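Got a model open and wondering what the labels on it rest on? Let's take it one question at a time.

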Amino acid sequence: MTDHQERPLAILGGTFDPVHLGHLRVAWEAAELLGADVHLVPANVPPHRPQPVASAEQRVAILRAALQGQDRLVLDQRELRRQGPSYSVDTLIELRNEVGPSRAVVLLVGADAFSGLPSWHRWRDLFDLAHIGVLSRAGHAITESPELAAQTRGRRNRGLSAVLKTAAGAVIDIQVSALEISATHIRDELAAGRQPRYLVPSSLLADPLLLAPYC
Ligand code: ATP
């Protein structure tokens, strides 16, 4: 894995309305643990769903400002370019076509989201396209329904370096720092006229226009 092209590629999806230090810290810890580049993939929210407060363009501008000064976490706008709901399976198919059949791709999901995986569109196909990196807090058990457990059985048995030499199919438990930060709380703070200092990168506060959609 000396070639930059062959580093694992991880993706973290979300609304990022707005991105905050909770997102950035888990993405960074995953990048370090996996030796990966991590793509932050803002979701396109179709018209019939509750809309984010900020537009796609505004969320992108905030992400750009947040990612300044480093190159391991990368903004990836592919879901915003697609119409309709942002299904992870479609994102991974697109990514797999770009990176080829052998590069390790890791879909990062929070432990809660992972427990709900069987409700995702074509969820079993995800395991053919990527490894699933489950972001969990130390000491918190990951709950799996019988259906999910049947799918993950035998997928946790190998060491990390062996797993990352393969393209897809493993479940990787990634222990991350639990920062009690949510975008909802940040939006509430801004709506109440308070500054979310130390919850978002300071670069977001340097430009008053960036967080204006929430004020
Ligand atoms: P909201 O409060 O609007 O629901 P959010 O802060 O949960 O938003 P999302 O954009 O929904 O942010 O999250 C994207 C991804 O980041 C999800 O996988 C989510 O589990 C994860 N995530 C969100 N906040 C944190 C946090 N504080 N620590 C670790 N992971 C987080």
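Below, a few labels are set against their definitions.

This is a predicted model, where local features need pLDDT of at least 70, side-chain atom pairs count only at pLDDT 80 or more, and totals for chains, interfaces and linings use all residues. Residues are numbered from 1 along each chain as its sequence is written, and side-chain values use heavy atoms, with hydrogens and water left out.

Q: How do you know how many helices and strands the chain has?
A: They're DSSP runs, numbered from the N terminus: helices are H or I with at least four residues, strands are E with at least two. On that basis the chain has 10 helices and 6 strands.

Q: What makes residues of H9 count as buried?
A: Buried means under 20% relative accessible area, exposed over 50%, partly exposed in between (1.4 Å probe, protein chains only). In H9, residues 183-191, the buried ones are Ala183, Ile186, Glu189 and Leu190.

Q: Why are they put on the same side of H9?
A: The arc is that of the directions from the helix axis to the C-beta atoms. Theirs is only 120° around the axis, so they share a side of H9.

Q: What share of the chain is buried?
A: Buried residues are 46% of the 215.
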